[in-house]
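Dear colleague,

I am passing on the structure below, followed by some notes on what was found in it. Please read them with the coordinates open beside you.

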Amino acid sequence: MKKKFQTAILILFCLLLAPQTSSALEATFTPAPDKDTGSTDGPLPLSQNQRQQLHQLDQQIAQSPNPTETLQRVAEANDMDASELGDLLMRNRRDLQMAMGGGVGRGGGGSSVGNSIPRAILRLFSTFLLVIMKAMGAHPRSSALVVLVLLSTLYVMISAPRSGIVLSGGSGILSSGFTTVLCPPTEYISKYLQSDKFDRLEQSVPLLEGRKKRKKAWENVFLSQEELEEDETPKDGVHIMKLNKQQKKDISLAIMAKKTVPFEVLLPSEEELELLHEREKQVKEHRPTIEDDDELMQLVEERAWEDSVELAFQSAESIVAARRFSEFISDSNSSPDSIKFVARGDEREKAALVMKSMGDWKRYGIQPLKVVEEEKSQDTSSVVYYTLQGGHFDGQLKVAVEKDIEDKSHPRITVIVSLLIPKGGRKIGTKLASQMVSMLAESITTSTMTVARQTCSRKLQSTIYRDKAKSRAILKRHIAFETMQKMEEMAADRRRRWQRKNVGSGGSYRPTGCRPPEGGPRYGF
């Protein structure tokens, strides 16, 4: 009997999922009469499991698009009349309702617990597994492929938001280095930088003889500022250095990207210059060398230039110190996550460079880096990274910000990102290296201007707030002074009127007009 009920439920599920034209129902069910009376009325002599199956069958019929037609088909499949099957389901529903104390709803509906969302999802999942098991039994070869696809899909759904689907954890025979299919999240890169695996990585730059000589050659590879001015190449942009014979013995690739910081946008407007001019006029007596307004205005403009240059350089220094090298990637040919730079550690000495098309199969490659030198002076701020094992190339990555104020009429702040690959080290394509240094330089410049504008806005808001606070304080002092003056005038007028009314009274004037009570204090209150 139990097997027959299971078969009937399975056929009902298939009927609900199949088109309306299907009419194949195969189920057998024979109502069991009472052994004493021979009647089919009264409680059903079934087990609790069979009663639950009948209840599920009742629910499925009630929830079908056409309950009457579904009931007719199930009854025909079990060689029963539709009315008999309906009475059977009704009696089973009534018995369960009595047994559960009214927990089963009327009209074939279940209780609120039975029809809850978790129960519905569980029933759907069990039905799906049951159909898959039946299909696997009928087609074992194709079912294995389906299971493999389902497992692969599940792995992708779990790994994609966590790690970006790792293809390779390091360099090897079939891999050039650490590679992921999608752009790895920042949290995953941060955990990688703080792991023991990263701490065990060694420097990947080849340690050949003559290291001091090579270091000197590296320092002389990139053109100086004077050579760039004499050359016909543009000041801003990507420069692939031409190496001489001596340098080619030690250097495989030297490339540099330059970007000038447009600090001119930080200069105050004409209204702000006029405001500064008026303020300088107020302290003109402290500047005996300034005689006319033109000279004073020129002094204000020069100071504005100096402040803008210093503000832009300080902003660039903060960007280099915070290692914010990839906040703004605006290359039109790349997606926003085509390159990512993540730095961690106590002094942010650990870093990882993530770039699209650098890994295997043109996917995202992860290059571990480590700080080996950091310089900060009055006119320069720079940090130098050396590559570590497990990445895709060997060499040095340098990020520097330089301030040139020798020509006061044309001061300049330049962001320089350079990449140098030694002889014998792993090398990436020149096009990919050019995109790397160019996007990093562009992003650092944009971050610098963003921080500088934020600083200007805060200063402006602070100035406005101070001016408003000063004006409010002056207004309050004026109001307090006028109020006190009016009170003194009123008191004097009251004294004159009292004296006119009390001539020769011999009393004493009190401003409040109150007199002390008898036996009270000496003075009025």
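Lys 423 is partly exposed, with a relative accessible area of 45%, and this in a model that, please bear in mind, is predicted. The residue sits in the loop that links β10 (412-422) to α14 (430-501), and together with Lys 245, Lys 248 and Lys 427 Lys 423 belongs to a patch of positive charge on the surface.

A lysine in another setting is Lys 258, which is part of strand β4 (residues 251-260) and, having a relative accessibility of 6%, counts as buried because the cut-off for that class is under 20%. Although Lys 258 and Val 437 are separated by 179 residues in sequence, their C-alpha atoms are 8.7 Å apart in space.

Turning to the strands, β8 (residues 380-387) and β9 (residues 396-404) run antiparallel and are joined by seven bridges, with Thr 380 having Glu 402 of β9 as its bridge partner. Strand β9 also pairs with β10, again in the antiparallel sense, over nine bridges, and here the partner of Leu 397 is Leu 419 in β10.

Finally, there is helix α3, which spans residues 67-77 and whose buried residues are Thr 70, Leu 71, Arg 73, Val 74, Ala 75 and Ala 77. In an α-helix there are 3.6 residues a turn, so residues three or four places apart point the same way. Just after α3, Asp 79 adopts a positive phi of about 55°.

Methods. Residues are numbered from 1 along each chain as its sequence is written. This is a predicted model: local features need pLDDT of at least 70, side-chain atom pairs count only at pLDDT 80 or more; totals for chains, interfaces and linings use all residues. Side-chain values use heavy atoms; hydrogens and water are left out. Patches are made of residues with over 30% relative accessible area and no salt bridge: like charges are joined within 9 Å, nonpolar side chains (Val, Leu, Ile, Met, Phe, Trp, Tyr) within 5 Å. Accessible areas come from the Shrake-Rupley method with a 1.4 Å probe; for residues, only the protein chains shown count as cover. A salt bridge is a side-chain nitrogen of Lys or Arg within 4 Å of a carboxyl oxygen of Asp or Glu. Lys and Arg count as positive and Asp and Glu as negative; His and the chain ends are not counted. The place of a charge is taken as NZ of Lys, CZ of Arg, CG of Asp or CD of Glu. Helices (H or I, at least four residues) and strands (E, at least two) are DSSP runs, numbered from the N terminus. Buried means under 20% relative accessible area, exposed over 50%, partly exposed in between (1.4 Å probe, protein chains only). Two strands pair if DSSP finds at least two bridges between them.
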